[in-house]
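Here is a short report on one protein chain. Keep the sequence and the 3D view open as you read.

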Amino acid sequence: MTTPAWIGLAGPTASGKTAVALAVAEVLPIEIVSVDSALVYRGMDIGTAKPSAAEQARVPHHLIDLIDPREAYSAAQFASDAQRLIGEIRARGRWPLLVGGTMLYFKALVDGLDPLPAADPAVRAALDAEALERGWPALHAELAQVDPASAARLPPGDTQRIQRALEVWRATGRPLSSYHRSGQRSTPPAGMLVALEPADRAWLHARIAQRFDQMLADGFVDEVKALRARGDLHAALPSMRCVGYRQAWECLEAGDLSPLRERGIAATRQLAKRQLTWLRGMPARRVVACDAPGATAEAVATIRTLAACAGVG
């Protein structure tokens, strides 16, 4: 049996991953590798619930504040960076704890990646223009004609991945789903996954609302205003499509912030639902009920047990 090279801590937004990770750092020689597609952006701190400077000072963190919001970061880049970091952290005699809720990143690392075409800025810009004119439902319907497998997998509201699938089709003449059947995958390092999942979805919904209210109190709207004031960002960028930022941008664009709380919470709940669906597709995970009394202690104990099996103490 191959000795696992890393331990993952996954879960939906607001499930308590940061608290567990910091507690693990008190008892194991770990370094944290972020598995979060929003934390890579500099200047996006409040709306991403980015670990504070004090929290990051308690244990080394990686893949946070990597790029400017006008840039893009892919699952392929994550898999490459994570594999490099896993090796470097192990070489330092420490243990990589991969923490986050971007399930596509976990899947890329666990299952490996198909070789996909590079982004095509011209095609992407054309699709953005068409989306403004025709609407994303029409583009999703177009995707269903040229790539039914991808269209069936993607909900009509997942605009970023609909755009990517159409971009691949228009740039190469091949449906994105055909690349997933190619069998030419990279070989990822083996790992073990612990998942924080609520037994009662209402508990998670209450946590999401509390977190969004705290973000608003902490100045989230001012953070988005500052990003808009830069002048080089727009609503179609992956950074500004992040949950919360997208809704804040739209409300600021409309000059009416009154719907922001309701829309932001609803979008975050939808994100959590998608995250839990992804997790259910990972049967090898160890599940800890994050809404149970003593959940943090149980998660830490589970991770310590897995680490001990891998020779980490």
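Arg-161 is partly exposed, because its relative accessible area is 33%. Arg-161 forms a salt bridge with Asp-158, with the closest N and O atoms 3.3 Å apart. A salt bridge here is a side-chain nitrogen of Lys or Arg within 4 Å of a carboxyl oxygen of Asp or Glu. Asp-158 is buried, since its relative accessible area is 14%.

Thr-159 is found in helix H8 (residues 159–172). Helices (H or I, at least four residues) and strands (E, at least two) are DSSP runs, numbered from the N terminus. Thr-159 is buried, with a relative accessible area of 5%. Leaving out residues up to four places away in sequence, Thr-159 touches Trp-136, Arg-241 and Arg-246. Contact means heavy atoms within 4.5 Å.

## About the model

This is a predicted model: local features need pLDDT of at least 70, side-chain atom pairs count only at pLDDT 80 or more, and totals for chains, interfaces and linings use all residues. Residues are numbered from 1 along each chain as its sequence is written, and side-chain values use heavy atoms, with hydrogens and water left out.

## Salt bridges across the chain

How many salt bridges does the structure hold? The count is 23. One of them joins Arg-92 to Glu-31, with the closest N and O atoms 2.8 Å apart. This pair links distant parts of the chain, 61 residues apart. Arg-92 sits in the loop between H3 and strand E4 (95–100), and Glu-31 sits in strand E2 (residues 30–34). Arg-92 counts as partly exposed at 46% relative accessibility. Glu-31 counts as buried at 4%.

Asp-232 forms a salt bridge with Arg-70. Their closest N and O atoms are 3.6 Å apart. This pair also links distant parts of the chain, 162 residues apart. Asp-232 is in the loop between H11 and H12, while Arg-70 is in the loop between strand E3 (61–62) and H3. Asp-232 is partly exposed at 34% relative accessibility. Arg-70 is partly exposed at 48%. Salt bridges that share partners join Asp-68, Arg-70, Arg-230 and Asp-232 into one network.

## The nonpolar cores

A nonpolar core is a set of buried Ala, Val, Leu, Ile, Met, Phe, Trp, Tyr and Cys residues joined through side-chain atoms within 4.5 Å. The largest one has 52 residues. Which residues have the most contacts inside it? They are Phe-78, Leu-98 and Phe-106. Several elements each supply at least two residues of this core, including strand E1 (6–10), helix H3 (75–91), helix H4 (103–111) and strand E5 (191–197). The largest share, 7 residues, comes from H3.

Now look at Phe-106. Leaving aside neighbours within four places in sequence, Phe-106 is in contact with residues including Trp-6, Gly-8, Leu-98, Leu-193 and Met-282. A second, separate core has 25 residues. Among them are Leu-22, Leu-28, Trp-95 and Val-312.

Is E5 largely enclosed or open? E5 is largely enclosed by the rest of the structure, because 6 of its 7 residues are buried. Two strands pair if DSSP finds at least two bridges between them. E1 and E5 pair in the parallel sense over 5 bridges. Gly-8 has Leu-193 in E5 as its bridge partner.

E5 also runs parallel to strand E6 (residues 286–289), joined by 4 bridges. Here Glu-197 has Ala-289 in E6 as its bridge partner.

## Helix H14 and its two faces

In H14, the buried residues are Ala-295, Ala-299, Val-300, Thr-302, Ile-303, Leu-306 and Ala-307. They lie on the same side of H14, because they cover an arc of only 160° around the axis. The arc is that of the directions from the helix axis to the C-beta atoms. An α-helix has 3.6 residues a turn, so residues three or four places apart point the same way.

What covers the buried residues of H14? The cover includes E1, helix H1 (17–25), E4, E5 and E6. The face turned away from the buried side of H14 carries the exposed residues Ala-297, Ala-308 and Cys-309. Just after H14, Gly-311 takes a positive phi of about 85°.

Note on methods. Buried means under 20% relative accessible area, exposed over 50%, partly exposed in between (1.4 Å probe, protein chains only).
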